[in-house]
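Subject: Structure for you to look at

Hello,

Here is the structure I said I would pass on. Please open it beside this email and follow the notes below.

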There are 2 protein chains.
Amino acid sequence: MVQAVIVAAGSGTRMGPGVDKLFLPVAGRPLVAHTWQRFDRAGCIDVLVLVVREGMEPAFAELAKEYGFTKPYRLVAGGTQRQDSVWNGLLALEPECDVVAIQDGARACTPQEVIAATVQAARDFGAAVAAQRLTDTVKLSSDGAWIDGHLERSHLWAVQTPQTFRVEVIRQALAAVRARGLQVTDDTAACELTGQRVRLVESTASNPKVTTPADLSEVERLLQAMDRGD
Amino acid sequence: MVQAVIVAAGSGTRMGPGVDKLFLPVAGRPLVAHTWQRFDRAGCIDVLVLVVREGMEPAFAELAKEYGFTKPYRLVAGGTQRQDSVWNGLLALEPECDVVAIQDGARACTPQEVIAATVQAARDFGAAVAAQRLTDTVKLSSDGAWIDGHLERSHLWAVQTPQTFRVEVIRQALAAVRARGLQVTDDTAACELTGQRVRLVESTASNPKVTTPADLSEVERLLQAMDRGD
């Protein structure tokens, strides 16, 4: 069994005070409902877990009804940090789940074939992540004032989600993070602690995460194009 | 005297065969006319040099007339590589020019205050570049298949243009590149050869370069917003 954990518990302070970016309307529905739909429709996913802010459970249950999502789902409360929310999501997996795809709730445009490709790569290699080559010319600066060095662009990848794992691989990696009191910004970073190698799966299309207000119109454009092609 | 060199000689193969991206219509005029306008209106710039593909001089002269650009400009033919085009642009500077701002022709949204800030920083420090902090989580992969390592995001900057220099600084740096038969992808990289440190100037707003067709609609949106605020 393959499950998705959609992490939808962030406060998203960069959108302005009091704004829950996951419920901002984009292309005709709340942002997170698009994300949910991607996984509801993905043939490779059997059951969903949505990790939400405490008290938001009814709003999410309402979304499922309103948009007619058909796959079984479970709602669980998030933690303080992203890694705590992911941990809570992992605790809610079915016992027979062997592969889990962890997705940012605000990443609404992930193509079906990218989800499927990370699931396959996780089966084959233990850990996999959707990623895209950087198009920027990137420099290192330790102080934000002077350039310290140049990075070879062909070696740079922006990692996205899904970050997909054999369940025991990510449980072990996040347990190691927690045991050492560390914080990781993404789940593949946890794998470094256990020596688990992570396979890159190149995204076939734009797969942005909404972080600032400026991202919304770009995501709206992408979603409208996807809906036309869906 | 401060001059701008607008590099508008590329073939831009990523837009498709036979398409000159600089003349694609965006927000009511050819893309490169927006770039030109930024520098025509910038209070800190005295004279422009446009480096264009051989034979394109009449098309550029037509733009100046059609859009009523008021600053003196000179058109010069580009070279095979970007660095050759920049070199040709430097050869066309007025003798009294002491600071030069080098700009990608396809980077049409650069804010006036970013141009002015790079000019000031180049006066103060010799070399400066518009840049933005990366928002992506970035991993290193030497083979494009496996993650080799994580990069600390707070140390990563995407460099843009203008890349602005005291004239003798960039002449010396590019002469060193040419003498050694090297190729550099950006002008600040040339400064590494001569030990010239490069100052980062944080862009206050989006400053993208049009590379692929997908970039066009984003740039159109930005330009429309800028025109409303201009």
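Start with strand 7 of chain A, residues 127-133. In this predicted model, 5 of its 7 residues are buried, so the strand is largely enclosed by the rest of the structure. A residue counts as buried here if 20 or more other C-beta atoms lie within 10 Å of its own.

Strand 7 of chain A pairs with two strands of its own chain. With strand 10 of chain A it runs antiparallel, and 6 bridges join the two. To find this pairing on screen, look for A:Ala127, which stands opposite A:Phe165 in strand 10 of chain A. With strand 11 of chain A, strand 7 of chain A runs parallel, joined by 4 bridges. There, A:Ala131 has A:Glu202 of strand 11 as its bridge partner.

Strand 10 of chain A also reaches across to the other chain. It pairs with strand 8 of chain B, residues 137-140, in the antiparallel sense over 4 bridges.

Now the interface as a whole. On each side, 33 residues are in contact with the other chain. On the side of chain A that touches chain B, the elements giving two or more residues are strand 8 (137-140), strand 10 (156-166), helix 6 (187-194), strand 11 (199-202) and helix 7 (213-229) of chain A. By class, that side of chain A has 14 nonpolar, 12 polar and 7 charged residues.

How are the two chains related? A rotation of 179° with 0.0 Å of shift along its axis superposes chain A on chain B, with an RMSD of 0.1 Å. That is the relation of a two-fold axis. In chain A, the C-alpha nearest the axis belongs to A:Glu218, 3.4 Å from it. Both copies use the same surface, since 100% of the contact residues of chain A recur in chain B.

Last, a pair of helices within chain B. Helix 5 (residues 167-179) and helix 6 (residues 187-194) of chain B pack at an angle of about 80°, with their axes 8 Å apart. The two are therefore roughly perpendicular to each other. Among the residues making the contact are B:Ile170, B:Leu174 and B:Val177 of helix 5 of chain B, and B:Ala190, B:Cys191 and B:Leu193 of helix 6 of chain B. The residues of this contact divide into 8 nonpolar, 2 polar and 1 charged.

Regards

How values were computed:
Residues numbered from 1 in each chain as written. Chains lettered and ligands numbered in written order. Predicted model: local features only at pLDDT ≥ 70, side-chain atom pairs only at ≥ 80, totals over all residues. Least-squares fit on C-alpha atoms with pLDDT ≥ 70 in both. Contact = placed C-beta atoms within 7 Å. Nonpolar A, V, L, I, M, F, W, Y, C, P; charged D, E, K, R; others polar. Pairing = 2+ DSSP bridges. Axes fitted to C-alpha atoms, helices over the stretch in contact; angles between N-to-C directions. Parallel < 35°, antiparallel > 145°, perpendicular 65-115°, else oblique. Buried ≥ 20, exposed ≤ 12 C-beta atoms within 10 Å, placed from the backbone.
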